[in-house]
Amino acid sequence: MGEFAALIHNENIKIYSRVRTWIMLFILALMSALFPALVYYTSRGDSSGTGLWDNFQMAVTIAFFLNTIFTVVVASDAVAGEFSWGTIKLLLIRPWSRSKILLSKYISMVLFSLLSTAVLIVFAYGSSLIFSSSEGGGVTNQMSWSPAEYSFLDVFCGYIELFLTAALAFMVSSVFRASGLAIGLSLFIMFTKNIFVSIFNPERFEWAKYLIFTHMDLRGYLLTDNGPGGVTLGFSIAVLAVYYLLFLGVSWWVFSKRDVAA
């Protein structure tokens, strides 16, 4: 267990020794703190003001796009970067199995996503606390969530979407050894998933209920018990779990079988 922890530590050093990682975290913190301030100074003439949780949700929603992009960059470079820099042979000759090496890379990527999400939450909440006109505010809905509950559940749903997008990027990185392809494909899916849902509407096509695009955004379940096509939250989670296991399974199988002697 100690050796595996050292392996994870080594992968974390690779991530955080790069200047780009700290630049990404700085940009994420800056953007998370900036939007509540902008809303405050542009609406100072409005007597109603903006509530704490309205500001927080707006900042998180916008910043989460950056958070997903930055996490995808780290996930895409996890395996493909080793092949690009020619360090994969040096890594594989060490006394660790390929499964442990791949798992350590994946865990390090997940830890980065958790750190970046924590940075986003802290700076968005801190800025909203400073620049809000009132403590109240927030989305009202028929599920009777409080503004704080709804806001943090919204963050959790956003992280699930990020988690799956990063898993896809990690798989593409492992299979094709191309970080650019992994980044491009992941971002393409992130920005076009709603278009796919509109074209392949589960209410018109029964088989569309099994597409990952239909279930990536779980925020709808915060307002209603049923999703697109009348599916339930449990069904959506089951579909996402199957795709997630498929992504990791393909990553492990290809990485374990790949010949890197050439």
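Visitor: Which helix gives the most to the lining of the largest pocket?
Guide: Keep in mind that this is a predicted model. To read a lining, ask which elements supply its residues. Here α6 gives the most, with six residues. Both α6 (147-176) and α8 (233-257) supply at least two residues each.

Visitor: How much space lies in the largest pocket, and which residues are closest to its centre?
Guide: About 340 Å³. Of the 17 lining residues, Phe 156, Ile 160, Leu 218, Leu 233 and Ile 237 are the closest to the centre.

Visitor: What does the lining have by class?
Guide: Sort the residues by side chain. The largest pocket has 15 nonpolar residues, one polar and one charged. For the second largest pocket, the count is five nonpolar, four polar and seven charged.

Visitor: Which residues lie nearest the centre of that second pocket?
Guide: Lys 14, Arg 18, Asp 77, Ala 78 and Glu 82, out of 16 in the lining. Its volume is about 260 Å³. The elements giving two or more residues are α1 (2-16), α2, α3 (52-85) and α5 (98-131), and α3 has the largest share, six residues.

Visitor: Now α2: where does it bend?
Guide: For a helix, look at span and then at bend. α2 covers residues 19-42 and reaches 34 Å from first C-alpha to last, close to the 34 Å expected. The bend, about 25 degrees, is at Leu 34, and Pro 36 follows within four residues.

Visitor: Is Pro 36 buried or exposed?
Guide: Pro 36 is buried. Other buried residues of α2 include Met 24, Leu 28 and Phe 35.

Note on methods. Residues are numbered from 1 along each chain as its sequence is written. This is a predicted model: local features need pLDDT of at least 70, side-chain atom pairs count only at pLDDT 80 or more; totals for chains, interfaces and linings use all residues. Side-chain values use heavy atoms; hydrogens and water are left out. The expected span of a helix is 1.5 Å times one less than its number of residues. The bend at a residue is the angle between axes fitted to the seven residues ending there and the seven starting there. Buried means under 20% relative accessible area, exposed over 50%, partly exposed in between (1.4 Å probe, protein chains only). On a 1 Å grid over the protein atoms alone, a cavity is a set of points where a 1.4 Å probe fits but cannot get out, and a pocket is an open set with protein on both sides within 12 Å along at least five of seven lines; lining residues have an atom within 4 Å of a point. Grid points are joined across faces, edges and corners, and a volume is the space filled by probe spheres set on the points. Ala, Val, Leu, Ile, Met, Phe, Trp, Tyr, Cys and Pro count as nonpolar, Asp, Glu, Lys and Arg as charged, and the others, Gly among them, as polar.
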